[in-house]
Amino acid sequence: MDFKRLMAFFAIALLILMGWEKLFPSPKPTPAQQAAQQQQQAAVAQNEAALTAATPITVTTDTVKAVIDEKSGDLRQMTLLKYQATGDESKNFVLFNDSKEYTYVAQSELLDAQGNNILKGVSFTAAQKDYTLNGGKVEVRLSAPETNGLKVDKVYTFTKDSYVVNVRFDVTNSTGHPVNLSANYNVVRDSSEPEGQGYFTHSYVGPVVYTPEEKFQKVDFSDLDDDAKSGKNEAEYARQTKTGWLGMIEHHFMATWILQPKGGQTVCAQGNCTIDLKRRNDNLYSAGVSVPLATIPANGTSQAVMNLYAGPQTTDTLVQVADNLQLAKDYGKVHWFASPLFWLLNKLHDVIGNWGWAIVALTIIVKAVLYPLTNASYRSMAKMRAVAPKLQAIKDKYGDDRMAQQQAMMQMYKDEKINPLGGCLPMLLQIPVFIGLYWALFASVELRQAPWLGWIQDLSRPDPWFILPLIMTATMFIQTYLNPPPTDPMQAKMMKIMPLIFSVMFFFFPSGLVLYWVVNNLLTIAQQWYINKSIEKQRTQGEVIS
């Protein structure tokens, strides 16, 4: 019974903690998407040709290196200069890209009352091809020739120590009559998965929307595929709003249009903004919003302003950009546990100044809070371990007589005042907290390139010398020794192999996650060893074991 209880716990912990992706798989490319790869590649090739035709405009700041297509005015590349690439530490992380590897760009345009792009077929030009931050801000002005009586400038403003890009349209109306326009903003990408996505380290990639009414919503690529096939808009998300934000997220990074900056005015002042998530005809996916603008009087001017956040999901930064933007840091279905745990981790880091030691401190605090639950479980296991010889004697005495064997075991449990299932519930109650800790650490870009000590210089990457995973393996074997031994020889062999099987995956986990488990296991070993000794002492002295 005890072995079955332990096996059940380990199985549940493994499935939920490590196999969450198996139970609740994130959307993968559908056969329809895969069949459309040739079309998508052709569209990428066209985009590359368009970008080559017009000289790219390069903007370099202290945080980013951006490439704007001079012809279309689209933001087509964004390299984050303070972050290393996931697969190659010698390179910088590339967020936006428009190449054969993947497509991920930010687009914006002006539409007339009929929904037509007023600058279709018209090219922008800029005063220079390279811009470098010199001071607090750098501005890139793209000018289009007057078309149908409208003169439009598109202005990008990059700010020092910021991942917020301000995108502004300056419009002059020379038509002689009032003009009604709307601004359309899109984040466009393909369905390819970023580097670093693995079976046990898989996070959501795709469109997200936040509105005060509908809160935070993720919209899978597969839902947009269904809409494209049916010709209906059935994907569930907020379609009208006065404020909020929308865009695309992936592990550690994001790109979102901000409808209302923190402490500022909403861009939807002239009426509801319309959100549109879709799979386009070129098989790229778009997270877009249409913003109605105030009527531009005859011979008058107007501006359309929008902020784009394109950068890391750093909580302290996101909370300053827009209300509830930190929700884009996706903790999945356990955000109720992960969010407060990361809050505590962040506070500990503020005091300690090192993310590795903050993880150690957090683990100790969580272990202390859960002590009443874990203590009940470990005392139950210690009692079962203490009576293991009696259980073996009963099995030897009754042999294949299962009925007599079960009756004798139940009587022994009654005499020893042991509940063989007494440790199950406390263990199960801990699982949501463990999962929350797992996602709080896994989803935190703050651990990226964060050193701990010595050989650990990046808590988001696997241990380069496998020292922590080896310690993890050793602690699991020690825990097996401290647990009640199975009476069946085959089960005993399985219990010896299980720690090795479980620990293999930790060789590929981020070192920050492994550090948490190592510290947790060491504390567990100390607690279980102390309880085992206490129970053994009480039995030796003939005391009543409570």
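Reader: Which residues form one aromatic cluster?

Author: The cluster is made of Phe434, Tyr438, Trp439, Phe442, Phe506, Phe509, Tyr516 and Trp517. Keep in mind that this is a predicted model.

Reader: How many aromatic pairs does the count come to?

Author: The count comes to 21 aromatic pairs. One of them joins Trp357 and Trp452, with ring centres 5.4 Å apart and planes at 65°, so the pair is edge-to-face.

Reader: Where do Trp357 and Trp452 lie?

Author: Trp357 lies in helix H8, while Trp452 is in the loop between helix H12 (424-442) and helix H13 (467-482). The pair therefore ties together parts that are 95 residues apart in sequence.

Reader: Is Trp452 buried or exposed?

Author: Trp452 counts as buried, because its relative accessibility is 13% and the cut-off for buried is under 20%. Trp357 has a relative accessible area of 42%, so Trp357 is partly exposed.

Reader: What about Phe506 and Phe509, what kind of aromatic pair do they form?

Author: A tilted one: the distance is 5.3 Å centre to centre, with 55° between the planes. Phe506 and Phe509 are both buried, and both belong to the aromatic cluster you asked about.

Reader: Where does UniProt place the feature "transmembrane region"?

Author: The UniProt record, an unreviewed entry, places that feature at residues 355-374, 418-445, 465-482 and 494-519.

Reader: What does the chain do over residues 355-374?

Author: Residues 355-374 are 95% helix and 0% strand, and the end C-alpha atoms are 26 Å apart. For residues 465-482 the values are 89% helix and 0% strand, with the end C-alpha atoms 28 Å apart.

Reader: What holds paired strands together, in general?

Author: Strands of a sheet pair through backbone hydrogen bonds.

Reader: Which strands does E10 pair with, and over how many bridges?

Author: Strand E9 (residues 150-159) pairs with E10 over 9 bridges in the antiparallel sense. E10 is also joined to E19 by 9 bridges, again antiparallel.

Reader: What sits between E9 and E10 in the hairpin?

Author: The hairpin has 4 residues between the strands, and Asp161 takes a positive phi near 55° there.

Reader: And how many residues of E10 are buried?

Author: 9 of its 10 residues are buried, so to speak of cover, strand E10 (residues 164-173) is mostly covered.

Reader: One more. How many bridges join E16 to E19?

Author: Strand E16 (residues 253-258) and strand E19 (residues 301-312) run antiparallel and are joined by 6 bridges. Met254 stands opposite Gly311 in E19.

Methods. Residues are numbered from 1 along each chain as its sequence is written. This is a predicted model: local features need pLDDT of at least 70, side-chain atom pairs count only at pLDDT 80 or more; totals for chains, interfaces and linings use all residues. Side-chain values use heavy atoms; hydrogens and water are left out. Two strands pair if DSSP finds at least two bridges between them. Helices (H or I, at least four residues) and strands (E, at least two) are DSSP runs, numbered from the N terminus. UniProt positions are given in the numbering used here, feature names are shortened, and annotations may be inferred rather than shown by experiment. Buried means under 20% relative accessible area, exposed over 50%, partly exposed in between (1.4 Å probe, protein chains only). Rings of Phe, Tyr and Trp (its six-membered ring) pair if their centres lie within 6.5 Å; planes under 30 degrees apart count as stacked, over 60 as edge-to-face and the rest as tilted.
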